[in-house]
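Hi there,

Here is the structure I promised to pass on to you. Please open it alongside this email, and my notes follow below.

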Amino acid sequence: MTISVAIAGKGGSGKTTTCALIIRELIKQRMAPILAVDADGNANLHESLGLTLHETIGSVVDQFNDDKISLPPGMNKGSYLNLRLNEAIVESHGFDLISMGHGAGSGCYCYPNSVLKDFIDTLKPNYKFMVMDNEAGMEHLSRGTTDGVDILLIASDYSVKGIRTAARIHQTVDELKIDVKQSAFIITRVPDALDKHVTAELKTLGISPTAFIPHCAEIERFDLEQQSLLDLRDTSPAAIAVAALLKNILQKTGSV
């Protein structure tokens, strides 16, 4: 059975970095194969994983709409689209990556998102874990991308506004009755001591974060030098915190 982990939060909340660190830890713990999913139209998870992205679901759908009037002989539209989607998978050591991206035109992401969701359902049984990075905000929740996941991580950066956004995301999950087996709050880029305003906001909203992921200068350097976070040292405080977070949430699923 595939265990699925998705992460949501406002822009700049550390979602992509956390996803990359979770994938890093899963590989380290020999829990491959892993399906990494970048469900953000502005795809950048591949950069954190040190991969080159040539095609996305959005670009495949665009090209499919252009090509479907001249399909290869003997091939129906569904088979051809599935073939092209499989060509968009980026294979790496211990994990594969698919990215939603965006098409060349303007407009709603609803159709590419629907294609991505159906494609994920097809691929998931081939993997032990699926780790999904979602776009910023709450709109994606109404599209059902995170529906049916085992673990939803709701991320906030180290700010009062971020914490309030995380609380609204949790409320939206409840209001939409999204099928999530467990959810957890995390706060990223946390300094050595919590500011009293952050502590007060958490108390006011009744939030007890599952993990405080520390600020990590090494991650900042990796970002500047465009290095893969998979190569982050085990001594990184953020990597240590994510390892503890992963152990915690997997214990609740009975996986470890």
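In which helix is the place of Ala20? Ala20 sits in helix H1, residues 15–28. A word on the labels: helices (H or I, at least four residues) and strands (E, at least two) are DSSP runs, numbered from the N terminus.

Before going on, two notes on the source. This is a predicted model, in which local features need pLDDT of at least 70 and side-chain atom pairs count only at pLDDT 80 or more, while totals for chains, interfaces and linings use all residues. Residues are numbered from 1 along each chain as its sequence is written, and side-chain values use heavy atoms, with hydrogens and water left out.

Back to Ala20. Its relative accessibility is 0%, so Ala20 counts as buried (buried means under 20% relative accessible area, exposed over 50%, partly exposed in between, with a 1.4 Å probe and protein chains only). Leaving aside residues up to four places away in sequence, Ala20 touches Leu45, Ser48, Leu49, Leu229 and Leu230, where contact means heavy atoms within 4.5 Å. Ala20 and Val131 are 111 residues apart in sequence, yet their C-alpha atoms are 8.9 Å apart in space.

Next, helix H7, which covers residues 160–175. Its 16 residues should span 22 Å at 1.5 Å a residue, and the end C-alpha atoms are 23 Å apart, which agrees; the expected span is 1.5 Å times one less than the number of residues. At the start of H7, the backbone nitrogen of Gly162 has a side-chain oxygen of Ser159 within 2.9 Å. Gly162 is also among the buried residues of H7, as are Ile163, Thr165, Ala166, Ile169, Thr172 and Val173.

How does H7 lie against helix H8, residues 196–205? Their axes come within 9 Å and cross at roughly 15 degrees (axes are lines fitted to C-alpha atoms, for helices over the stretch in contact, and angles run from 0 to 180 degrees between N-to-C directions). H7 and H8 are therefore roughly parallel to each other, a label for angles under 35 degrees, with over 145 counting as roughly antiparallel, 65 to 115 as roughly perpendicular and the rest as oblique. On the H7 side, Val160, Ile163, Arg164 and Ala167 meet His197, Val198, Glu201, Leu202 and Leu205 of H8.

Most residues other than glycine have a negative phi, and most peptide bonds are trans. Lys177, which follows H7, has a positive phi of about 55 degrees although it is not a glycine. Lys177 lies in the loop between H7 and strand S7 (180–190), and at 71% relative accessibility Lys177 counts as exposed. Arg189, in strand S7, also has a positive phi of about 55 degrees without being a glycine. Arg189 is partly exposed, with a relative accessible area of 43%. As for the peptide bonds, the one that joins Ala32 and Pro33 is cis, with omega about 5 degrees. Pro33 is in the loop between H1 and strand S2 (34–39).

Ala184 counts as buried at 5% relative accessibility. Its contacts, again not counting residues up to four places away in sequence, are Leu152, Leu153, Ile154 and Thr210. Ala184 and Gly94 are 90 residues apart in sequence and 26 Å apart in space, C-alpha to C-alpha.

Best wishes

Technical notes: A polar contact is a pair of N or O atoms within 3.5 Å; within protein, one must be able to donate a hydrogen and the other to accept it, and residues adjacent in sequence count only if both atoms are side-chain atoms.
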